[in-house]
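Let's walk through this structure together, with a few questions along the way.

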Amino acid sequence: MPKNTPPPDAPVLVIGLGRFGTAVASSLTRMGHEVLAIDESMELVQKWATEFTHTVQADSTDEEALRQIGADQFDRAVVGIGTDIEASVLTVLTLTQLGVREVWAKAINRKHGQILERVGASHVVYPESAMGERVAHMVSGSMIDFIEFDDGFAIARTAAPTGAIGRTLAESALRSQYGITVVGVKRPGADFTYARPETFLGEFDELIVSGPTSKVEKFAGLA
């Protein structure tokens with residue numbers, strides 16, 4: 001692990017208890033992390049008071065207020081503020097000034113994200129955009145699930161193409177034909193299994209495939 005990378009089990013500061021922030025804080029809590037959750041709304045703080053390790057009402061743009069509650073002791077922070085762009089940007093800037101090493105911030109559009117990066121965000125996420133694209137691929141009927149990464153790489157869950165049914169992965173040579181990698185196979189009534197050359201594909205099998213986005217999309221269209 002690089003010297004400046006916080007340990008995987010490090011406590012996390014989560015700012016903004018809207019849908020995104022609470023989803024992140026809840027997931028981190030289930031994974032065993034200590035979570036200090038902050039929001040300016042006392043109503044939201046009271047609502048989530050028993051769910052996280054600590055839940056505090058504070059103005060996240062106020063450096064002294066954050067210092068008083070120990071925000072400067074955290075190596076990782078997630079800023080879930082979205083609609084109030086000014087508060088989002090000022091919060092990221094304040095956390096950076098406090099010395100928080102990794103700041104993950106939610107952005108509502110690309111311009112917002114660019115500003116967050118310039119003021120110190122280590123990672124910028126676009127949850128609405130990512131979910132919109134994911135749903136579009138699912139609605140199209142070619143995929144059961146879809147995730148695209150920033151570098152044009154995607155992972156999808158899709159039905160086995162007709163031409164591969166009744167054959168092993170080695171026989172169907174999907175990788176050489178379509179430029180994708182079959183990572184796993186899901187058979188009805190069974191758990192996912194890692195794909196192997198001798199894995200036989202049945203009529204109702206689902207595949208987890210990875211590769212360049214355009215090739216994954218093309219492959220899923222074969223099903």
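Two strands pair if DSSP finds at least two bridges between them, and strands (E, at least two residues) and helices (H or I, at least four) are DSSP runs numbered from the N terminus. This is a predicted model, where local features need pLDDT of at least 70 and side-chain atom pairs count only at pLDDT 80 or more, while totals for chains, interfaces and linings use all residues. Residues are numbered from 1 along each chain as its sequence is written, and side-chain values use heavy atoms, with hydrogens and water left out.

Q: How many bridges join strand β9 to strand β11?
A: Strand β9 covers residues 181-186 and β11 covers residues 206-212. One of the links is between Thr181 and its partner in β11, Ser210. The two strands run antiparallel, and the number of bridges is 5.

Q: Which strands stand at the edges of the antiparallel sheet?
A: This open sheet has 5 strands in the order β7-β8-β11-β9-β10. Each edge strand has a single partner, so one side of it is left without a neighbour in the sheet. Those strands are β7 and β10 (192-194).

Q: What is the bridge partner of Asp39 in β3?
A: Now for the other sheet, an open one of 6 strands with parallel pairing, in the order β3-β2-β1-β4-β5-β6. Here β2 (residues 35-39) and β3 pair over 4 bridges. Asp39's partner in β3 is Gln57.

Q: Is Phe149 buried, partly exposed or exposed?
A: Phe149 sits in the loop between β7 (145-148) and β8 (153-159). Buried means under 20% relative accessible area and exposed over 50%, with partly exposed in between (1.4 Å probe, protein chains only). At 39%, Phe149 is partly exposed.
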